[in-house]
Amino acid sequence: MNRLAVALAPLILAAGALSAQAQAQAQDPHAGHTMPPPARTQPATPVPDPHDGHRMPAPAAAPDPHAGHVRPPASPPAADPHAGHQMPARPAPVDPHAGHDMATPAPAQPDPHAGHDMSAMAPAQVDPHAGHDMSTMSMGPPDVPTSADNPGRPAEDPIPAAALSGPTHAADLIFGAEAMAASRRILLRENGDVRTTAVVIDRIEAGFGDDGETWLWDAQGWSGGDIHRFWWKSEGEGDLGGDVEKAELQALYSRAVAPFWDVQAGLRQDVRPDGEDTTHLVLGFQGLAPHWWEVDAAAFLSTEGDLTARVEAEYDQRITQRLILQPRLEIDASASDIPELEIGRGLSSVEAGLRLRYEFRKEFAPYAGVEWSRALGDTADYIEARGGEAEDTRFVIGLRAFF
């Protein structure tokens, strides 16, 4: 028994040594390895191992995340879409410098600031026009295409001859000239030749003054399009509660000759209680003058050869959206004396009024105001000879309307 123990002792000691060596290798993966000393240019202080003397357990192996999973077979590679196609060879890029002699390089550009002291340069930008006299320089027109025939602008190319070789309306080639002419007439009638009719009563008023109580009317209207119209005008006056002293009616052809201006021509018929009815030829113009003055001027040539003229002007000064102040001026003149009508040569009379109206609606506006009138020259003499007053001031009330 003792002999058996003695025989097994060397084996037990060898096994223990192997076990100790395995534990040491588990703790230090480099145990037993011969490590060459690192190359150092200067001696370095060895750094102590922070785990020196610690017994480090062997790290556990990480579990496989796909353990127990059955993986499907890999999909076959995608087919090449150009397989079997014969692709032409791409030409090599052309060298932009081919054929150039590049052996001698271009001399280096000298530095324009070489030798300059740039340290004291101010950061501000230098004015490129400093020291130049700009007082006589004029800015020319912009170099843009334009139809204005002004010096300095680029000239326009002439119209090609082919542009004027066809018909005036290109649609005539497709639909026929007769069909398109009818269509253009309909378009003009529906959009550019609108027919309108209106009646405007400028004044229906009563006046109260030293010369008695009077009443008058002043109305006009038209029917037609924007260019051609039939225009009529009528006015008259008399004593309040009495008969009409005079009245006139005009029938006119009116044609637009400029924006806001019409030329009018026609006939005027005067009606008087004493039977002195007179017919006149009328030629005048009517429209909107600068600063929004409405002007109506005409010359009248009677069948007796008497030439007279009248100018009326009025302006609407809007105080509010409904309250409007209207100054009005009327001047009459005659080229000769007309004793039977108490009209003298030259300026015969002047009327100036101021009326304040309130528009309950645009079509209905009562007003009140004052009007001053003065007969001039021989006309005043005729009026005073029969016992009348050459000058008169009246308070007026009336109505303005249209429909």
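Select helix 4 (residues 377-385) in this predicted model. Helices (H or I, at least four residues) and strands (E, at least two) are DSSP runs, numbered from the N terminus. T379, A380 and I383 are buried in helix 4, where buried means under 20% relative accessible area, exposed over 50% and partly exposed in between (1.4 Å probe, protein chains only). Seen down the axis, the buried residues of helix 4 fall within an arc of 100°, so they line one face of the helix; the arc is that of the directions from the helix axis to the C-beta atoms. Then step to G387, which follows helix 4 and has a positive phi, near 95°.

Residues are numbered from 1 along each chain as its sequence is written. Local features need pLDDT of at least 70, side-chain atom pairs count only at pLDDT 80 or more, totals for chains, interfaces and linings use all residues, and side-chain values use heavy atoms, with hydrogens and water left out.

Next, select R400 and D202. They form a salt bridge, with the closest N and O atoms 4.0 Å apart; the term requires a side-chain nitrogen of Lys or Arg within 4 Å of a carboxyl oxygen of Asp or Glu. R400 lies in strand 13 (residues 391-402) and D202 in strand 1 (residues 196-209), so the pair ties together parts that are 198 residues apart in sequence. Both R400 and D202 are buried.

Move to R310 and E235, a salt bridge with the closest N and O atoms 3.6 Å apart. This pair links strand 8 (residues 307-315), which holds R310, to strand 3 (residues 228-239), which holds E235, 75 residues apart. Both R310 and E235 are buried.

A network of them links residues including R203, E205, D218, R328 and R394.

Now select W231, L252, V282, A298 and F300, the five residues of the largest nonpolar core. Such a core is a set of buried Ala, Val, Leu, Ile, Met, Phe, Trp, Tyr and Cys residues joined through side-chain atoms within 4.5 Å. Centre on L252: leaving aside neighbours within four places in sequence, L252 is in contact (heavy atoms within 4.5 Å) with residues including R229, Q264 and V282.

Finish at D172, in helix 2 (residues 172-175). D172 is buried, with a relative accessible area of 17%. Beyond its neighbours within four places in sequence, D172 is in contact with A177, M180 and R184.
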